[in-house]
Amino acid sequence: MLELEGVNAGYKDLQVLWGVSLRVGEGELVALVGPNGAGKTTTLRIISGLLKPTAGSVRFLGRQLDKEPAHRIVEMGIVQVPEGGRVFTGMSVQENLELGAFTARARKEKEQTMKWVYQLFPRLEERRHQRAGTLSGGERQMLAIGRALMAKPRLLLLDEPSFGLAPILVEQIFEMIAEINRQGVAVLLVEQNVRAALELAQRAYVIENGRIVGEGSGDALLSFESVRSAYLG
Amino acid sequence: MPTTMVAQSLASGILVGALYGLAAVGLSLVFGVTKILNVSHGELLMLGGYTSFWLFTLFGVDPFAGIPLSMFALVIIGLIVYQLLFSRLIKLPTEDKIRTSLLVGFGLGLMLQNIALRLWTADNRGITPSYAGAVLTVLGVRLPYVRVASLVIAFVFLLALQLFLQKTYTGKAIRATAQDWEAATLMGINVHRVYLLSFVLGTALAGAAGTLVAVGYSVEPVMGLHWTLKALIVLVMGGIGSIAGTLIGGLILGVTESAAAVWISGNYRHVVGLAIFILVLLIRPQGLFGAKEG
Amino acid sequence: MTIKKGISLALLVIGVVALGLVPRMGASESLLNLLILMFIYTMLATSWNILGGYTGQVNLGHAAFFGLGTLTARMLYTGGCPLPLAFLVAGVVPVVFSMLIGVPAFRLRLRGDYFTIGTLALSQILYITIGNVLPKITYLPMADIQNYQILPRYYIILALTVFTIGVAYALVKSRLGLGLVAVRENEDAAESLGVNAFAHKLLALAVSAFLGGLTGGAYAYYQPSYYFNYTFSPPWSLEPVTMTFIGGVGTVHGPVIGAIFFVLLKEWLVLRVGEYHLIIFGVLFILVVLFLPGGLVEAWERIRRLVARRTTVKATAPTACAGGNNLPGN
């Protein structure tokens with residue numbers, strides 16, 4: 001459903017991505033792993049339209065994305081959870097979720113989606129009138145994911161959802177991701193927590209210095225020698 | 001000092017302070033959302049005042065009834081100014097954006113001031129409908145009807161804006177964009193449209209404020225800088241992103257000025273506000289009531 | 001490089017000598033007045049540029065420094081104080097005043113916009129206050145007016161202008177100047193390299209205030225009569241910014257070129273469109289800020305590069321900058 005082909009991209013004079021190609025199929029859970037500064041976040045920014053490629057193409061459900069403004073891409077069904085969640089701290093949990101359903105497509109089903117999100121994350125329902133700024137790190141991440149789900153994504157992009165969370169919370173978040181995927185949402189997961197990501201994903205890409213250097217099923221990459229030595233110690 | 005005099009000065013301070021609040025809230029909205037610091041806000045307010053002056057003298061339109069018209073005029077002017085000038089800065093990093101917008105606003109202010117000078121001469125102009133002189137006297141305190149009405153209208157505008165920002169989807173999108181435009185984009189919000197809307201909303205409020213100033217006081221071409229400074233003072237006292245803070249800031253400024261006029265000298269009423277402003281800047285740069293959202 | 005430097009130095013010397021000889025060549029009084037105006041505006045723009053251009057701290061209240069300079073110099077001079085001393089004090093008073101805002105503002109690391117509107121407010125305070133305290137016209141001493149000599153004024157203001165540009169040049173070419181630019185470009189990075197941003201900004205403010213005051217001194221010595229608060233009025237804040245941007249912000253020659261251009265264009269416009277010239281300047285200023293942020297200096301550079309490119313191999317296309325919202329977050 002999503003296809004990147006030979007994407008180059010960067011900021012000003014600094015090129016970050018060099019010919020990145022990757023694919024996410026319908027209902028798939030794909031991980032993108034690699035060291036810091038390899039270009040993982042940049043890849044997500046390209047897909048969600050926050051950054052435009054200087055070469056190559058991005059297609060989603062057969063449509064070209066490279067010229068679409070970011071807000072239109074959300075409307076098409078690609079929704080990104082940015083690193084750190086970036087919830088709207090000055091607003092209540094519920095307002096955050098409402099904003100998630102901003103697009104016309106999502107707004108129609110706002111009430112049902114919100115029920116679903118509250119089912120997935122009962123903690124958010126308990127705190128629905130609390131300001132998002134008062135939430136703990138784990139709760140913020142849940143809110144960020146919940147907010148993205150409110151947009152009725154076909155493809156969910158997750159940027160380091162485990163970052164800065166306690167191990168027990170990481171496990172919870174990863175379970176939620178698996179659950180969301182089981183319910184039919186395709187997921188592209190960027191993670192530094194490589195082992196957990198590879199265990200979770202059906203397929204994975206390894207990115208280094210802005211280039212895709214490996215691809216395979218999660219299990220295969222887990223046993224792959226260079227990946228083991230580089231990331232799993 | 002007689003009590004009525006104190007009460008009178010308090011009342012005049014509150015009456016003008018509400019207008020300070022209204023003038024500031026437009027500037028605050030624009031700055032909070034777009035990070036454009038438009039120092040020609042006072043000149044836009046002036047244009048609002050002259051619009052109703054023209055409407056009144058040329059077509060006999062009642063100034064209060066004409067508020068929507070002068071707001072509409074300022075929406076058009078705001079659209080032009082934004083699309084032609086400020087939209088070009090919108091993608092700059094915040095610091096550069098503020099700096100450049102200050103310069104652009106400064107130049108624009110000069111331009112508008114001189115255009116006003118050509119169109120309406122340097123004279124002080126007021127709007128004087130039949131009821132202009134009517135005064136309500138409460139316990140010896142004289143309250144001109146037009147100024148009381150202006151106060152009420154200013155309150156209504158601030159309340160309406162508050163409700164709009166808190167309750168409507170568009171209002172929430174504006175607040176979201178103000179906090180984190182990138183995250184807002186990822187919600188499917190067209191932030192460029194939000195920027196445009198906020199800017200135009202700000203100029204429309206300047207238009208309303210200008211009308212109230214013209215009917216309760218007077219307008220002249222050099223008033224722009226004066227009102228920009230009032231708005232900036234209120235902004236710094238009330239903090240950005242808090243409408244209630246802006247209103248309170250405006251009232252405090254108005255009352256302080258009136259007090260200064262009574263106890264020091266009328267000549268220094270505007271100096272006192274500026275001095276407070278500098279103090280607040282230095283002591284509490286986030287504003288006295290600084291409810292910076294987030 | 002050194003040859004180029006030598007040439008520009010030679011040109012500068014020739015220019016100054018030529019300006020020195022102008023009165024001897026039977027120049028009319030109106031021409032001398034025009035030149036004096038250019039000198040004063042050059043000083044004004046150059047003094048603004050030191051803080052606003054090199055350090056990036058936009059001062060929208062330069063009139064405060066200029067005005068304090070005029071006030072001090074006028075008071076001292078009419079009180080019988082010798083001219084050099086009057087000029088010196090005219091520079092020092094604004095420096096003291098500038099520290100009132102500079103020390104707290106820069107120590108707190110107030111955001112640049114707070115400093116900017118703070119300066120705007122301060123200049124307004126002075127403008128109103130001076131208007132209240134001294135609501136009258138100030139005149140040069142009777143002896144000066146009855147026997148107004150333009151020549152000594154021409155030479156003295158020329159000397160002050162050369163001095164001002166010299167100070168700006170020396171400052172910019174020194175290590176301090178490098179520090180100023182570093183602070184403007186990235187304050188944190190500059191600090192991590194050992195540049196004391198606070199001290200640098202304060203120094204730039206002090207120099208800017210001193211030269212701004214000196215400009216005021218020159219004006220007070222030159223202008224026979226004006227309202228005391230006139231020199232504190234907003235145009236004196238706006239014009240140095242306009243001239244500097246039109247010429248080329250953050251360069252030594254930019255303000256000079258800007259001032260000459262400004263004075264000539266103003267003369268020309270006033271004759272043709274009268275008061276409308278202020279509208280035109282507003283438009284021009286906005287256009288420069290938006291589309292030619294380097295001013296005339298940059299325009300010249302662009303033309304030169306264009307010509308150079310024509311004669312050499314076609315250069316590679318500039319790196320495409322990605323469109324869309326590729327900004328760092330707020």
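User: Which backbone nitrogen does the side chain of B:T34 reach?
Analyst: This is a predicted model, where local features need pLDDT of at least 70, side-chain atom pairs count only at pLDDT 80 or more, and totals for chains, interfaces and linings use all residues. Residues are numbered from 1 along each chain as its sequence is written, chains are lettered from A and ligands numbered from 1 in the order written, and side-chain values use heavy atoms, with hydrogens and water left out. B:T34 lies in helix α1 (residues 3-34) of chain B; helices are DSSP runs of H or I with at least four residues, strands are E runs of at least two, and both are numbered from the N terminus. At 3.1 Å, its side chain reaches the backbone nitrogen of B:I36.

User: Is B:T34 buried or exposed?
Analyst: Buried means under 20% relative accessible area, exposed over 50%, and partly exposed in between (1.4 Å probe, protein chains only). Contacts, meaning heavy atoms within 4.5 Å, link B:T34 to B:I90, B:K97 and B:Y195, leaving aside neighbours within four places in sequence. Its relative accessibility is 0%, so B:T34 counts as buried.

User: Which residues touch the most other members of the largest nonpolar core?
Analyst: A nonpolar core is a set of buried Ala, Val, Leu, Ile, Met, Phe, Trp, Tyr and Cys residues joined through side-chain atoms within 4.5 Å. The largest one holds 249 residues. Apart from it lies another core of 30 residues, among them A:M1 and A:L157. In the largest core, the residues touching the most other members are A:L156, B:F86, B:I189 and B:L232.

User: Which side chains meet in a salt bridge between chain C and chain B?
Analyst: A salt bridge is a side-chain nitrogen of Lys or Arg within 4 Å of a carboxyl oxygen of Asp or Glu. Across this interface the rule finds one. The N to O distance is 3.9 Å, and the pair is C:E275 and B:R118.

User: Which element gives the largest share of the side of chain C that touches chain B?
Analyst: On this interface, 47 residues of chain C are in contact with 45 residues of chain B. Elements giving two or more residues to the chain C side are α4 (83-107), α5 (112-133), α11 (235-247) and α13 (277-291) of chain C. The largest share is 15 residues, and it comes from α5(C).

User: How much area do chain C and chain B bury between them?
Analyst: Buried area is the accessible area (1.4 Å probe) that two parts lose on being put together, summed over both. Here 77% of it is on carbon and sulfur atoms. The total is about 4300 Å².

User: What is the phi of A:K12?
Analyst: A:K12 sits in the loop between β1 (2-11) and β2 (14-24) of chain A. At 70% relative accessibility, A:K12 counts as exposed. It is not a glycine, yet its phi is positive, at about 50°.

User: Where is A:N209 found?
Analyst: A:N209 is a residue other than glycine with a positive phi, near 45°. Its relative accessibility is 61%, so it counts as exposed. Its place is the loop between β9 (203-208) and β10 (211-217) of chain A.

User: What separates the C-alpha atoms of A:S217 and A:E175?
Analyst: A:S217 lies in strand β10 of chain A and is partly exposed, with a relative accessible area of 34%. Not counting residues up to four places away in sequence, A:S217 touches A:Q202 and A:R203. A:E175 is 42 residues apart from A:S217 along the chain, and the C-alpha separation is 19 Å.

Terms used
A polar contact is a pair of N or O atoms within 3.5 Å; within protein, one must be able to donate a hydrogen and the other to accept it, and residues adjacent in sequence count only if both atoms are side-chain atoms.
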